[in-house]
Each structure stands twice: as C-alpha cells, then as structure tokens.
Amino acid sequence: MSKKALFLEVNCYTFHQNFTDGFWRDMKTDINKENIKGVVDIIPAYNEVMIQYNPLSTDLQSLTEYIRLLQNKLDAVVLADSSLIEIPVVYGGTHGPDLQFVAEYNHLSVEEVVQIHSSTEYLVYMMGFTPGFCYLGGMDKRIAVPRKKNPRLKIMAGSVGIADQQTGIYPINSPGGWQIIGQTAIKLFNPYRTPVFLTQAGDRMRFVPI
Amino acid sequence: MDTSKIIIESPGMLTTVQDLGRFGYQQYGMPVSGAMDGYSFRLANLLVGNPVNAAGLELTLSGPELRFCGAGVIAVCGADMQPMINNSPIKPYRAIVVKDGDLLGFGQLLSGCRTYIAFAGGLNVAVMMASRSTCSRAGIGGFKGRVLKKGDEIPIGKIEGGVRLGIAHAQAIPDYQNPRPVRVIPGPEAGLLSAQGQRTLFKDLFEISHESDRMGYRLQGKDIELKDVSGDIISSGVMPGTIQLPGNGQPIILMADGQTSGGYARIAVVTSVDINRVAQLIPGESISFVVVGVEEAISLNRNMFKLLKSVGPLT
C-alpha cells in the first residue's frame with residue numbers, strides 16, 4: 001500500500017498520516033515510548049496512525065518533522081512477543097442472523113463459511129470501535145461481504161461479525177454495521193477484571209466452533 | 001471540617017459525572033467521553049477556582065434537584081435551565097456560595113441543550129483509567145458508570161489553594177439563540193464527495209434526528225452523494241467531531257462517547273471550537289456546515305483558550 005499525502009484533522013487537534021504496511025505497529029510502539037510533547041493520544045489503525053495533538057502545546061510543523069524522524073528510525077524498534085487467544089463461537093441461527101446472507105453472497109454453504117472462518121489464525125492489527133474490539137487481519141476473501149447500508153442500532157456483546165474483508169467480535173452492546181455470523185461468551189473487555197482488556201495489537205486469535 | 005457531598009433528590013433527564021475526558025486508552029477502543037461542551041465545562045471550573053479538569057456534572061435537557069450537605073461554591077454554565085437555589089433564581093456564569101441544606105434546582109430549558117455544574121474541590125468519584133468521566137455505554141467511570149439516579153450521594157473533594165469567586169464577563173458567555181453554520185475542516189475522505197455531495201453538505205440544512213445522543217448525532221436531510229458507489233473504507237481512526245457518511249447518505253457526527261475507529265467515509269471534522277456549539281443543539285433543530293482551513297481552525301481554538309485564560313489560569 002503506498003504512502004498518501006500528509007493529512008490533518010483539527011478537532012481536539014488530530015494529525016493523521018498514512019504509512020506503508022507493517023510500519024504502523026512499530027510507529028505506535030515508538031510514539032508510546034517517546035512521550036512526545038503535545039501528543040494527547042494515538043489511534044493506530046490498519047495502515048495509518050492518528051496522532052491527536054494539542055496545538056497550544058506544540059506546533060504542527062515541529063510535530064510533523066519529529067514524526068518523520070521517528071519513522072526513519074523504525075528498524076531499530078524491538079517489538080514485544082504476541083500471544084494466541086482462542087474464542088469459542090456458536091455460529092448461525094439466532095446467534096448469527098447474517099450467516100445465511102454471507103453464504104449466499106459468496107455462493108457458499110453455511111458450513112463452508114464456518115469452516116473457512118474458523119480455520120484461520122488471525123492477527124490483531126488494532127483495537128477500536130468500542131472498548132476491547134479487535135480488528136483482525138488475515139480473513140479469507142471468500143467470505144468477504146459489504147457492511148450493512150443501514151447500521152443496526154444495537155448489536156449484542158459477544159457477536160462475531162464480518163464487514164468487507166474484516167472480521168471481529170463486539171465486546172459490548174453497541175450500534176454497528178457489520179454482518180453478524182455467530183456469538184461468543186468471552187468478554188474481551190471487563191472493567192472489573194485485571195487485566196481490563198484480554199488482547200492488544202499484535203496478538204493472534206482463532207475461532208473455535210462449538 | 002466535614003466532607004461536603006450532594007444528594008440527588010431527582011436526577012433530571014440525563015445527568016452524569018464528567019471531566020475533560022479519558023485519554024491514553026483510545027488505542028484499546030475506549031472512547032474519550034467527558035463533557036460534550038468542553039468550553040462551558042472549563043469555564044464553570046475556572047469560575048470556582050478549580051483546575052479545568054475537576055469533575056463536575058453534565059445535565060441534559062432537564063436538570064436535577066440536588067441537596068447540599070456542607071457548604072460549598074458552585075458555578076453553572078452552558079444551556080439556560082433557569083437555575084435556582086431554594087426556589088430563588090441564581091445567576092449562571094458566576095460563582096455562587098451554597099450553604100448546608102441548600103437545594104439546587106432547575107426550571108424549563110430556555111436555550112441550548114447541556115448545562116454544567118462545577119463544584120469547588122471537584123466531585124470526588126474514583127478515577128478509572130485516568131479519568132472521572134462516565135462512559136455509560138461501557139458502564140465505567142463517573143458515579144458507578146451510569147447516569148445519576150434519585151438517592152445517589154456524591155462526595156465533593158477538598159478545596160485546594162483557596163476559594164475563588166469568579167464572574168464571567170459578557171464576551172465569555174455564548175449565545176445559543178442565533179444559529180450559525182458549524183465550522184468543519186475537510187475529512188480524510190472529503191475527496192470522495194461528488195460536486196453535488198459537496199453542495200449538499202455545505203449548503204443544505206440537516207435536521208438532528210431523535211436518534212442522537214452522547215455517542216453521536218444522526219442527521220437527516222438530502223442524501224450526500226459520493227463519487228464512488230460505496231464510501232466504505234478500511235477501519236480507521238475517528239474521534240469526537242468526525243462526520244461519517246454511511247451508505248445511506250445520511251451523515252453522523254461522532255460525539256464524546258463515540259467509537260474510536262470506523263469504516264464509513266470521514267467526510268469532514270467539526271472544529272474544536274464548534275463541537276461545543278453542536279453539543280448545545282437539540283433533536284429537531286437544524287444544523288448546517290461551512291468548511292474552513294486547518295490554520296483557521298487552530299487560530300479559532302487559540303482564541304477560545306485566550307478567552308478562557310482571561311477568566312482564570314488554565315492549569
């Protein structure tokens with residue numbers, strides 16, 4: 001994926017630059033460690049890192065230059081080990097109201113969709129959308145399907161879904177536009193538990209049909 | 001001296017404990033939350049001599065009734081809900097001394113949507129993930145992770161560094177009666193808008209639908225047209241103020257409890273000065289947009305903080 005032009009969003013002062021594949025996770029580690037003046041928060045995504053900055057604490061030009069400097073040092077960054085998490089899933093029926101649609105859209109049987117979805121080891125590329133929600137990479141293109149044109153106002157916690165070439169789990173009740181194919185009882189976000197979050201970017205995940 | 005506290009005698013429509021938001025956790029998908037109108041929130045805190053991030057209350061559409069146990073100092077800013085102490089009107093936008101047993105109540109909403117109450121010393125609720133803000137969707141933070149109910153008792157923190165009794169000057173007081181277009185900057189996917197879509201976004205009036213809340217405002221109006229059939233993008237970062245465009249052509253303005261990433265085209269972003277005004281609009285009202293450049297957005301933001309600094313120090 002090619003680099004795009006520098007992009008700026010200013011609300012609580014956001015600076016957003018697109019990076020090439022694989023760079024963003026290194027960049028996030030680096031930014032987290034560096035504790036850069038004026039950086040308020042960061043959101044790493046598939047192929048971009050959103051850096052929220054306070055323009056009263058730093059100016060955009062200095063920040064941009066500093067980020068470019070970090071980018072040039074990326075090879076020297078050491079990443080932490082990742083862990084594997086297994087998620088038991090009940091596929092289809094009332095737990096997966098859109099499983100039939102996913103199958104029909106891709107000219108597959110429901111069983112084939114389940115088999116394809118559960119036989120991949122996914123990489124947690126990023127977290128977002130709601131607390132604990134993991135964006136997983138590596139989904140088989142054969143079960144890809146567009147997101148719903150009219151987002152649902154409420155999707156139950158534990159719902160497993162697909163949108164375009166992504167799959168993921170809703171950790172809390174939430175509105176959303178994904179096609180829902182199954183359900184898990186695992187809580188990826190529990191504010192009363194240590195750890196609050198079971199996953200982080202860089203972990204690996206596998207779905208187990210039950 | 002005994003610790004002060006407030007007792008909720010009636011909760012109002014939607015009252016929550018908030019501060020300026022939860023930062024450092026957006027990478028795990030945790031929303032920022034916090035006061036939807038950060039300007040009014042900061043102003044209220046400054047008037048009572050608090051740090052701008054001290055926890056206070058956010059009121060929505062109709063206010064609560066609070067009983068004070070112990071003396072204190074408060075300030076009320078934001079929407080005009082006709083504040084009263086012991087059924088006598090009090091002035092907003094200035095510090096007010098309250099006595100043990102005083103009852104703070106509110107009348108009908110006259111303008112705006114959200115009102116803020118600051119308490120000298122701040123509301124003393126537990127810090128969760130670096131903030132006292134409530135994210136009721138996730139059930140965490142603030143007072144027990146939820147909106148306030150009758151009977152809730154919330155302690156007020158000790159006043160540090162002496163009481164301040166500030167009064168806001170007229171220039172610092174916003175006018176919610178005169179609608180103006182909301183200033184936005186182009187979003188990362190602004191280039192996906194067709195010429196027609198740009199005209200719709202920047203000339204038409206949209207209505208704030210009733211499916212609007214702290215997570216986002218769903219707008220209704222003419223469909224906004226994109227060049228492509230689908231504006232869906234790979235999941236990318238979003239934040240309060242981001243305007244998303246789902247396939248149905250009806251935009252959503254993400255607000256304080258909104259998600260931190262999403263796959264709908266980000267066609268515009270509300271500027272930090274005007275997100276406060278958006279927070280003061282109610283369902284059924286109209287909204288329109290005008291685009292500004294990043295430099296102007298930063299300059300407007302700087303001016304807003306200059307105005308706040310003239311009221312008190314921004315710690």
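Strands, here and below, are DSSP runs of E covering at least two residues, and helices are DSSP runs of H or I covering at least four, with both kinds of element numbered from the N terminus. The model is a predicted one. In chain A, 4 helices and 13 strands are assigned. A:Pro195 falls in the loop that runs between strand S12 (179–183) and strand S13 (204–209) of chain A. The peptide bond joining A:Thr194 to A:Pro195 is cis, with omega at about 5°.

Chain A has 210 residues, of which 54% count as buried. When contacts in chain A are limited to residues at least 6 apart in sequence, 62% of them join residues at least 24 apart.

## Nonpolar cores

The largest nonpolar core holds 53 residues, and the members that touch the most others are B:Leu43, B:Tyr217, B:Ile253, B:Ile267, B:Ile287 and B:Phe289. Helix H1 (residues 38–47) of chain B supplies the largest share of this core, namely 6 residues. Apart from this core lies another one of 34 residues, among them A:Val89, A:Leu99, A:Leu136 and A:Ile169.

What does B:Tyr217 touch, once residues up to four places away in sequence are not counted? Its contacts are B:Met36, B:Arg114, B:Ile208, B:Ser212, B:Pro251, B:Ile252, B:Ile253, B:Met255, B:Val278, B:Ala279 and B:Leu281. One of these, B:Ile253, is itself listed with B:Tyr217 among the core members that touch the most others.

## Packing of H1 and H4 in chain B

Two packed helices are described by the angle between their axes together with the distance between those axes. The axes of H1(B) and helix H4 (residues 294–309) of chain B come within 10 Å and cross at roughly 20°. Angles under 35 degrees count as roughly parallel, and H1(B) and H4(B) are therefore roughly parallel to each other. The crossing of H1(B) and H4(B) is right-handed.

On the side of H1(B), the residues in contact are B:Tyr39, B:Arg42, B:Leu43 and B:Leu46, and they meet B:Met304, B:Phe305, B:Leu307 and B:Leu308 in H4(B). Sorted by class, this contact has 7 nonpolar residues, no polar ones and 1 charged residue.

## Strand residues in chain B

B:Gly112 is part of strand S10 of chain B and counts as buried, because its relative accessibility of 11% falls under the 20% limit. With neighbours within four places in sequence left aside, B:Gly112 is in contact with B:Ala79, B:Tyr176, B:Gln280 and B:Ile282.

B:Cys69 belongs to strand S4 (residues 65–69) of chain B and, at 23% relative accessibility, counts as partly exposed. The C-alpha atoms of B:Cys69 and B:Val98 are 9.6 Å apart in space, while the residues are 29 apart in sequence.

## Positive phi values in chain B

Most residues other than glycine have a negative phi. B:Ser33, which is not a glycine, has a positive phi near 55°, and this residue sits in the loop between strand S2 (16–18) and H1 of chain B. B:Ser33 is buried, with a relative accessible area of 4%.

B:Ala130, likewise a residue other than glycine, has a positive phi near 70° and is found in the loop between strand S10 (111–119) and strand S11 (153–155) of chain B. Is B:Ala130 buried or exposed? With a relative accessibility of 54%, B:Ala130 counts as exposed.

Definitions and conventions. Residues numbered from 1 in each chain as written. Chains lettered and ligands numbered in written order. Predicted model: local features only at pLDDT ≥ 70, side-chain atom pairs only at ≥ 80, totals over all residues. Heavy atoms only, no water. Core = buried A, V, L, I, M, F, W, Y, C linked by side-chain atoms within 4.5 Å. Buried < 20%, exposed > 50% of the residue type's maximum accessible area, 1.4 Å probe, protein only. Contact = heavy atoms within 4.5 Å. Axes fitted to C-alpha atoms, helices over the stretch in contact; angles between N-to-C directions. Parallel < 35°, antiparallel > 145°, perpendicular 65-115°, else oblique. Left-handed = near helix turned anticlockwise from the far one by under 90°. Nonpolar A, V, L, I, M, F, W, Y, C, P; charged D, E, K, R; others polar.
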